Amino acid sequence: MATNDDNDDLLPSQTSGYKASGLKSVDHYQSLDANDESLNRWKASLGLGSAAAPATGPKVTVLSLFLTSPTLPPGKKISLNVTNPAELALFKKNPLTIKEGVEYNVGITFKVNHSIITGVRYIQVVKRSGVKVDKLEQMLGSYAPHKDGEPYTKNFDPEDSPSGMLARSGTYNVKSRVIDDDGEIYADFEWSFKLAKEW
């Protein structure tokens, strides 16, 4: 069960003076400056030139979370299928292994189903034995539905995994959230990892 502290940890940081703009439809953006040729090319590059998808269901579907590192053995991939509750439960119960003392990147794959999304962020809070040890907040940006229906992939800034005997003892529990400037939550999921001498 989530406590208020857990929910507060998963809220995006606020920039004083910033106010998110009102929700606008894809049709609204298509009709702006219809006679501006360069703007029309830019809109087409965002997929706004084609017929908009019907606005039903979630605006965003988070597909996967992945880890990459130059130290991963050839052919090894670490990826969590966020759309599969059974796989998420497995990664929560059986932690994935991250090598200690190496640089790695977290990344996310997501699909924009309809509407323009703005200020989308990925937030992850890492706890060990119930104590917060790390918080990652990365801006994904603003996106329109991909003109070919393809997902977007975002790689986050590199991080270094902790090292040492103390870091290797215990399991790290992670709560992840994808949220936008309006406070709309697109994904909330949990997983866990442990640190080891090898992948």
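This is a predicted model: local features need pLDDT of at least 70, side-chain atom pairs count only at pLDDT 80 or more; totals for chains, interfaces and linings use all residues.
1. Overall make-up. The chain has 199 residues, and 40% of them are buried. Its secondary structure consists of five helices and ten strands. The accessible surface is about 11200 Å². Carbon and sulfur atoms account for 52% of that surface.

2. Contacts along the sequence. Take the contacts between residues at least 6 apart in sequence. Of these, 69% join residues at least 24 apart.

3. The core. The largest nonpolar core holds 38 residues. Phe110, Tyr122, Leu140, Val178, Trp191 and Phe193 have the most contacts inside this core. Strand β10, residues 185-196, gives the most to it, with six residues.

4. Leu140 in detail. Leu140 is one of the core residues with the most contacts there.

5. Ser69 in its loop. Where does Ser69 lie? Ser69 sits in the loop between β1 (60-68) and β2 (78-81). Is Ser69 buried or exposed? Its relative accessible area is 13%, under the 20% cut-off, so Ser69 counts as buried.

6. Partners of Ser69. The side chains of Ser69 and Thr71 are joined by a polar contact of 2.8 Å. Beyond residues up to four places away in sequence, Ser69 touches Val102, Glu103, Tyr104 and Trp199.

Methods:
Residues are numbered from 1 along each chain as its sequence is written. Side-chain values use heavy atoms; hydrogens and water are left out. A nonpolar core is a set of buried Ala, Val, Leu, Ile, Met, Phe, Trp, Tyr and Cys residues joined through side-chain atoms within 4.5 Å. Buried means under 20% relative accessible area, exposed over 50%, partly exposed in between (1.4 Å probe, protein chains only). Helices (H or I, at least four residues) and strands (E, at least two) are DSSP runs, numbered from the N terminus. Contact means heavy atoms within 4.5 Å. Accessible areas come from the Shrake-Rupley method with a 1.4 Å probe; for residues, only the protein chains shown count as cover. A polar contact is a pair of N or O atoms within 3.5 Å; within protein, one must be able to donate a hydrogen and the other to accept it, and residues adjacent in sequence count only if both atoms are side-chain atoms.
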